[in-house]
Amino acid sequence: MKMPQIVDKNRLMTQTNEKRHEIQVDPDDPEVVMEVWVRDMTFFDVQKAAQKMFSVEGGNISFDLEAYWRYAFQNFVTRTNPRLSPDEMLNLSAYIGEQISAHLPKPTELAEAIQGDFTKANR
């Protein structure tokens, strides 16, 4: 019988490689873009994001999608070009916000991760 092999610890960590995305900022001109770098969620990101998205009061559960997206934009977007402050990130136009959110973990992926399927949340 083959002996189990102890894994290299780097395989245990969330990949720190940020993924660069070009975001179209003008719906009429595909040549006008910004750059956005997004990182993967960690186990503890899932827990914190869930606290932001789900609210339990008096036995009732409600969803706060704004709180989730606010958390995602502030914690998963690691940098932008042009450089945007956290306040500026929260004041983006709906079109640009939608373009960026397409590269962030979705609330449904967070719900899957909470149920134990973390691999889907780290695509």
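## Sheet, hairpin and helix packing in a predicted model

In the hairpin of strand 3 and strand 4, two residues lie between the strands, and glycine 58 takes a positive phi near 55°. The model is predicted: local features need pLDDT of at least 70, side-chain atom pairs count only at pLDDT 80 or more, and totals for chains, interfaces and linings use all residues. Residues are numbered from 1 along each chain as its sequence is written, and side-chain values use heavy atoms, leaving out hydrogens and water. Helices (H or I, at least four residues) and strands (E, at least two) are DSSP runs numbered from the N terminus; two strands pair if DSSP finds at least two bridges between them.

Strand 3 (residues 54-57) and strand 4 (residues 60-63) are antiparallel, with four bridges. Within this pair, glutamate 57 has asparagine 60 in strand 4 as its bridge partner.

An open sheet of three strands is also present, in the order 1-2-5 with antiparallel pairing. Strand 1 and strand 5 are the edge strands, each pairing on one side only. On average, neighbouring strands of this sheet are turned by 25° against each other, direction ignored. Strand 1 and strand 2 run antiparallel and are joined by six bridges; isoleucine 23 stands opposite methionine 34 in strand 2.

Contact means heavy atoms within 4.5 Å. Axes are lines fitted to C-alpha atoms, for helices over the stretch in contact, and angles run from 0 to 180 degrees between N-to-C directions.

| Helix | Strands touched | Angle between directions |
|---|---|---|
| Helix 2 | Strand 2 and strand 5 | About 70° with strand 5 |
| Helix 4 | Strand 1, strand 2 and strand 5 | About 150° with strand 1 |

In helix 4 (residues 94-101), Ile96, Gly97, Ile100 and Ser101 are buried, that is, under 20% relative accessible area with a 1.4 Å probe and protein chains only; exposed means over 50%, and partly exposed lies in between. These residues lie on the same side of helix 4 because they cover an arc of only 135° around the axis, taken from the directions from the helix axis to the C-beta atoms. On the other side, Ala94 and Glu98 are exposed. The cover over the buried residues of helix 4 includes strand 1 (19-24), strand 2 (33-38), helix 2 (65-76), strand 5 (77-81) and helix 3 (86-89).

Aspartate 40 is located in the loop between strand 2 and helix 1 (43-53). Aspartate 40 counts as buried because its relative accessibility is 11%. Its side chain makes a polar contact with the side chain of lysine 19 (3.1 Å); such a contact is a pair of N or O atoms within 3.5 Å, where, within protein, one must be able to donate a hydrogen and the other to accept it, and residues adjacent in sequence count only if both atoms are side-chain atoms.
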